[in-house]
Amino acid sequence: RDSLERPTRSAVLGMLAAALGVDRSDAAAHSALERGYGVAVRALEAGVPMRDYHTTQTASAAAVKKHRPSTRRELLACVEPEAPETIVSTRTYRQGALALIVVWARPGDAARWSLVELATALGTPHYVPYAGRKANALGLPTGAEVVESESLAAAVWAAVARLVERLQALTDAGSGWLHRRSTWSHEVHHDRPEARPLGPPPAPEDAVAPQHPRGIRRRSLAL
């Protein structure tokens, strides 16, 4: 299975769930995360791919044909204790990747946790956050903070400026691996904001993000 050069929405929500201590079986909590929050991701550094072998036990082809499981849970229920089959595949992860993530609460009561609660959880996570696999722990703390801005674009660019200052301080302290490469991106991938865009955002020309209506300040969580 390959890997994108940026975190996906499911990866961001999964990391939030881990920080909050949401168990995998808590469908209601995961549904609240899915319905209650928007996500924007700007890939600052794509990093380099790391390919790893992955082994897992599965049911035999005959058992799969007989039971026709539709989920991983149903598949594991088909595994014969006496004769499980082991398959070997590869997984691709990213090393040295750096991304800016902005999360905002959607209107209504779907957002179960406040942005302050999300930021606090990321600062002191219940479960150790990792990127794709437990061996792929985060190289730096998330540094989450709640910010206010008039548009999604403004929130992204303000957070970029703070992130650059933070990384510069780390580089000056001796973290020599923190440096720009040619793969730094200017594209922002984001969910559809609830408001209609009103012209170009007040940001550099390479910003890709629509505005919220004038006069409305939106709170967002920058990771």
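Predicted model: local features only at pLDDT ≥ 70, side-chain atom pairs only at ≥ 80, totals over all residues.
This briefing walks through the fold, helix packing and a few individual residues of the structure above.

Residues are numbered from 1 along each chain as its sequence is written, and side-chain values use heavy atoms, with hydrogens and water left out.

**Overall fold**

- The chain has six helices and seven strands; these are DSSP runs numbered from the N terminus, with helices being H or I of at least four residues and strands E of at least two.
- Along the sequence, the elements follow the pattern α-α-β-β-α-α-β-β-α-β-α-β-β.
- Of the 223 residues in the chain, 35% are buried, where buried means under 20% relative accessible area, exposed means over 50% and partly exposed lies in between (1.4 Å probe, protein chains only).
- Among contacts with a separation of 6 or more, 80% are between residues 24 or more positions apart; a contact means heavy atoms within 4.5 Å.

**Where H1 meets H5**

- Two packed helices are described by the angle between their axes and the distance between the axes.
- Helix H1 (residues 9-20) packs against helix H5 (residues 115-123) at an angle of about 75°, and their axes are 8 Å apart.
- That makes H1 roughly perpendicular to H5.
- For these terms, axes are lines fitted to C-alpha atoms, for helices over the stretch in contact, and angles run from 0 to 180 degrees between N-to-C directions; under 35 degrees is roughly parallel, over 145 roughly antiparallel, 65 to 115 roughly perpendicular and the rest oblique.
- On the H1 side, Leu16, Ala19 and Leu20 take part, and they meet Glu117, Leu118, Ala121 and Leu122 in H5.
- The residues of this contact of H1 with H5 divide into six nonpolar, no polar and one charged; Ala, Val, Leu, Ile, Met, Phe, Trp, Tyr, Cys and Pro count as nonpolar, Asp, Glu, Lys and Arg as charged, and the others, Gly among them, as polar.
- Leu16, found in H1, is buried with a relative accessible area of 1%.
- Not counting residues up to four places away in sequence, Leu16 touches Leu33, Val103, Leu118 and Leu122.
- Leu16 and Leu122 are 106 residues apart along the chain, and their C-alpha atoms are separated by 7.1 Å.

**Buried sides of helices**

- In H5, the buried residues include Leu115, Leu118, Ala119, Ala121 and Leu122.
- They cover an arc of only 160° around the axis, which puts them on the same side of H5; the arc is that of the directions from the helix axis to the C-beta atoms.
- Helix H2 (residues 27-36) has Ala29, Ala32, Leu33 and Gly36 as its buried residues.
- Their arc around the axis is only 100°, which puts them on the same side of H2.
- The cover over the buried residues of H2 includes H1, S1 and strand S4 (98-105).

- Gly38 sits in strand S1 and is buried, at 0% relative accessible area.
- Leaving aside neighbours within four places in sequence, Gly38 is in contact with Arg9, Val102, Val103, Trp104, Arg106 and Asp191.
- Glu45 also belongs to strand S1 (residues 37-45) and is buried, with a relative accessible area of 4%.
- A polar atom of the Glu45 side chain lies 2.9 Å from the backbone nitrogen of Gly47.

**A loop residue with positive phi**

- Arg68 lies in the loop between helix H3 (61-67) and helix H4 (72-77), and counts as exposed at 65% relative accessibility.
- Its phi is near 50°, a positive value in a residue other than glycine.

How values were computed
Polar contact = N/O pair within 3.5 Å; in protein donor to acceptor, adjacent residues only side chain to side chain.
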